[in-house]
Amino acid sequence: MPNNKNERKGKQTGELSAEERFRNFFSTSVIDLPEEMTHRDEPAPVEEKPKAGLLGKLFGHDKEETPAAAQPMLEIPTGEILLGADAKPVQPEQEDMALELRTADPVPVMPMQPARPEPVKAVPAEPVPAPKAAAAVNPQPKKPAPQPEPQPVAAPQKQPKAKNAPETLLPQEELEQREMQQLKDMLNGMSGKAKPAPQPAKPVQAAPQPKVQPAPAQPAAEPEKAPAKAAQKAAEELPPVVFASAPADPETLPKKPEKKSIFQMFGTAEDEKPAAHKPEKEDTMSLPLLPLEQDGAPAEPAPAPADAAPAAPAQPETAPEAAVPTEEAVPESTADKLHHMAAELTLRCVLAGILAVVLLHLGLTAERLLPPLSVLDPDAAPAAFYAANLLLFAASLFVGYPVLRDGLAGLRGRPSADTMPALAAVAALLQAVVAMLNANAYRSTEGIGLLTGMAALGLFLALVGSRVMLSAVQGSYTLAAEGGEVRGAYRTRDKDLIRALARDLEQKDPWVLLSRPVQTASDDFVEQSLSERASERRARKVACVLLAAAVLSGVAFLLFGGGINCAVAAAAAVLCMGAPLSSVLVPGLAALRLQRAAAAVGAVVPGWAAIEELGGIDTIELDADDLFTADSVTLEDIRIFKGGRIDRAILYAASVLNESCDTLRGLFRQIIEDRTDILFPVKDLEQHTGLGFSAWCDNNRILIGTRRYMEQEGVTLPEQDYEDSHSKNGELQILYLAVSGNLHAMFVLRYVGGRNVARSLASLQRENIRLLVTSKDPSLTARHITEAYHLPEGMVTVLDGEQCQAIEAADAAPAKPKCCLYHHRGFASLTGGLQAADQAQNAETSATTVQLVSVCFSVFIAVLLTYAGSIWQLSIATVLMYQAAWSALSIAVCALKQHS
């Protein structure tokens, strides 16, 4: 594009008018526009020496122009793309500058204006056509619209036809056209759009000419050398454009839709209008480029990323659904199982209670103790009355099926407290069947009773006892499964460990209870809690005796002429009178009371087996931290020796003990006011059980320990009398501090017992339980613990290093026995669980003993009444009062024993 900036610089500022200076500012200093574009409406200035234009330098055509006759109002070519009425015909002498693309289907093209030298001021230049490539901005219609008449020129020339253009092209232009054709075909394939409908040409605003570089290898520099380079490469074929989605050979390219100009690759104004197209079709595509060195090779599809290879196989549609666990796939948790069992037992208890009340009413009605119902009168309709009685009792048996199942299985299998209520229910069922079958004869028998109500009441109370027991198990599991600092206590059965611990004890085979941290309760916690109880074992033996007495009584009446009615009534009376109503209720109440008492101190006792095991414990292993808290230790005095400083002594001792000893950590942190940032870093800490600690601190070797440890390390100590005077003859503890082999300080300590720990130790003392204490404080001895809590001598033993190592080896063993006690960290929780277990054992044992006495007494009464021949006349009211008295007595004994 011509530019006359240099000539404008030559003018003087005064020669330019104000309007010209304004135009020159915005045309040169801002966007540097040519003078021709800023003065289109003014006559072109005359220039002395024309210069070659930009496109003229690019293509290497610097031809001299023949000045034409001056014509009024002629426009100077500025390199703009002229469309419609502004288009100018191509001059004959410039036909060699017109570039055309050879295509299989030639399209009418518009002329192209080559770049001209800067216009001469005096002579107006002839209009020249626009570049061929720029003519493709608006596609020509198949039938060209009539063009307006161009402005008159001095020498009008005939416009050449497009079909004759290829015959006059130069070799370089042919190469350029082939290259442009390949680029055009490639762009048409990328767009994939149909050619828009032709529209008549409209005059539009002049736009800047886009720069088209047909061959990258031809730089636009030195116009005089460009023709020579073009002549050397005229016969060379340029390599095809390489794309991964198109073959390299142009002949193998697939047929494309209608061709589209390269200057419409960014769309036209028509593309902005909303077009009705199918949403599923896309007009974009991704074309990965191949390396340039593979230009000659056929294109291959781009390889998939390596990380996408595993995800290539399509997943089945059911995969997301399978990943989400369904309700059937999720295993039911133990808490949910306990909840469902509790709900089921609650429903059974309600139904069994209602049926028991109805059957008791029928039994009292049969004995004329209550008025009969109008529809069920035993005197008016005995068959209907006994049939209703049998039907209701069958429903009661169905509701109390768990009691029947476990009770009858307890005769041969695992013992159960449901055995005696189940036997009474079977005998009552037999009586109800006989009564219905012989309704008239049964009713006419004077004094015969109906004991189905008592049997139903026994089933109801057995279900209530099972529900109470399940509540205790549910509460214990909830507390044990909470997590946190839960510890499990178990009785060790390791003979080597027991032998090592009993070395200093009088008893050589102690039951030692060890307590270690656990994550949660064991998997068989529920089974362990519902394990066999001692009362159930005794109940099975008593049930066998009671069953034998009932069978003998029935057989006696059957053999001695009493008849089937009296024989069945006698057997039912013996069993209903002898089976305790509280046989299942008492163990349930004892377990519930145990669970609540243990939970109050954060402990859980899982079942009767654990109670029995805890009842035999006579030795407990615990840590000194359980006996003494941070407030239990006081610093009585500090003695600094030669070369020592009290501040350094406190910092050295606090730094080492803060990392090693729990009992003394709180004391020294109180001294430094919890400012742990002032402590020295501790390295290579070593603990010598019963002796002391050694570590490196502030580039000094620090020793803290007893007199015996300092003597072993070769540290010079004061006389024994000096130490005794400060320790009050062993009443206080002495702890030495040595720095780099020199005695630095002596700490005088005192341990004070806590009130809660003292109460717990008093309960252990009553049970004659000894203590095995592991302590990290080397100054703490069994004497100090005994004096602090006023315990008898021999109750406390402080373990030495070998015994502590034996305990650590036992803890490392993979197999450990089941825990018999879960408790929170703390001595009060451990001893509270032991005390609750002991009380529960005493209470249940006493209550079941009362029940055994009641059964034995019932058997004795049954034998006497059988001998008298009146056992079958036993009324339901008598049996009810008898059972109520014994049940109340057993429940009261259980509560009193457990509460004391």
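1. A residue counts as buried when its relative accessible area is under 20%. By that cut-off asparagine 389 is buried, because its relative accessible area is 0%. Please keep in mind that this is a predicted model. Asparagine 389 is placed in helix 9, which covers residues 382-399. If the neighbours within four places in sequence are left aside, the residues in contact with asparagine 389 are Leu359, Leu362, Ala432, Leu450 and Thr452.

2. Next, a pair of helices worth a look together. Helix 16 (residues 534-559) and helix 17 (residues 563-578) have axes that come within 8 Å and cross at roughly 160°. Angles over 145 degrees count as roughly antiparallel, so helix 16 is roughly antiparallel to helix 17. The crossing of helix 16 past helix 17 is right-handed. On the helix 16 side the contact is made by Leu546, Leu547, Ala549, Ala550, Ser553, Gly554, Phe557 and Leu558. Helix 17 contributes Gly563, Ile564, Cys566, Ala567, Ala570, Ala571, Val574, Leu575 and Gly578. Sorted by class, this contact of helix 16 with helix 17 holds 13 nonpolar and four polar residues, and no charged ones.

3. Helix 13 (residues 452-480) packs with helix 29 (residues 876-899) at an angle of about 30°, and their axes are 9 Å apart. Since angles under 35 degrees count as roughly parallel, helix 13 is roughly parallel to helix 29. Here Gly453, Met454 and Leu457 of helix 13 meet Ile876, Val879, Leu880 and Gln883 of helix 29. Five residues of this contact of helix 13 with helix 29 are nonpolar, two are polar and none is charged.

4. Seven strands make an open sheet with mixed pairing, in the order 3-13-1-2-4-11-12. Its edges are strand 3 (603-604) and strand 12 (796-798), each of which pairs on one side only. Within this sheet, strand 2 (residues 512-517) pairs with strand 4 (residues 619-623) in the parallel sense, over two bridges. Valine 512 has threonine 619 of strand 4 as its bridge partner.

5. Helices also pack on this sheet. Helix 26 (residues 782-789) touches strand 11 (770-774) and strand 12, and its direction makes about 145° with that of strand 12. Helix 28 (residues 827-868) lies across strand 1 (486-491), strand 2, strand 3, strand 4 and strand 13 (821-824). Helix 28 runs at about 150° to strand 13.

6. Which residues of helix 19 (residues 608-615) are buried? They are Trp608, Ala610, Ile611, Glu613 and Leu614. The elements covering these buried residues of helix 19 include strand 1, strand 2 and strand 13, along with helix 16, helix 18 (585-599) and helix 28.

7. Strand 8 (residues 700-705) and strand 9 (residues 733-739) pair in the antiparallel sense over four bridges, and leucine 703 stands opposite alanine 738 in strand 9.

Notes:
Residues are numbered from 1 along each chain as its sequence is written. This is a predicted model: local features need pLDDT of at least 70, side-chain atom pairs count only at pLDDT 80 or more; totals for chains, interfaces and linings use all residues. Side-chain values use heavy atoms; hydrogens and water are left out. Axes are lines fitted to C-alpha atoms, for helices over the stretch in contact, and angles run from 0 to 180 degrees between N-to-C directions. Angles under 35 degrees count as roughly parallel, over 145 as roughly antiparallel, 65 to 115 as roughly perpendicular and the rest as oblique. A crossing is left-handed if the near helix is turned anticlockwise from the far one by less than a right angle, and right-handed if clockwise. Contact means heavy atoms within 4.5 Å. Ala, Val, Leu, Ile, Met, Phe, Trp, Tyr, Cys and Pro count as nonpolar, Asp, Glu, Lys and Arg as charged, and the others, Gly among them, as polar. Buried means under 20% relative accessible area, exposed over 50%, partly exposed in between (1.4 Å probe, protein chains only). Two strands pair if DSSP finds at least two bridges between them.
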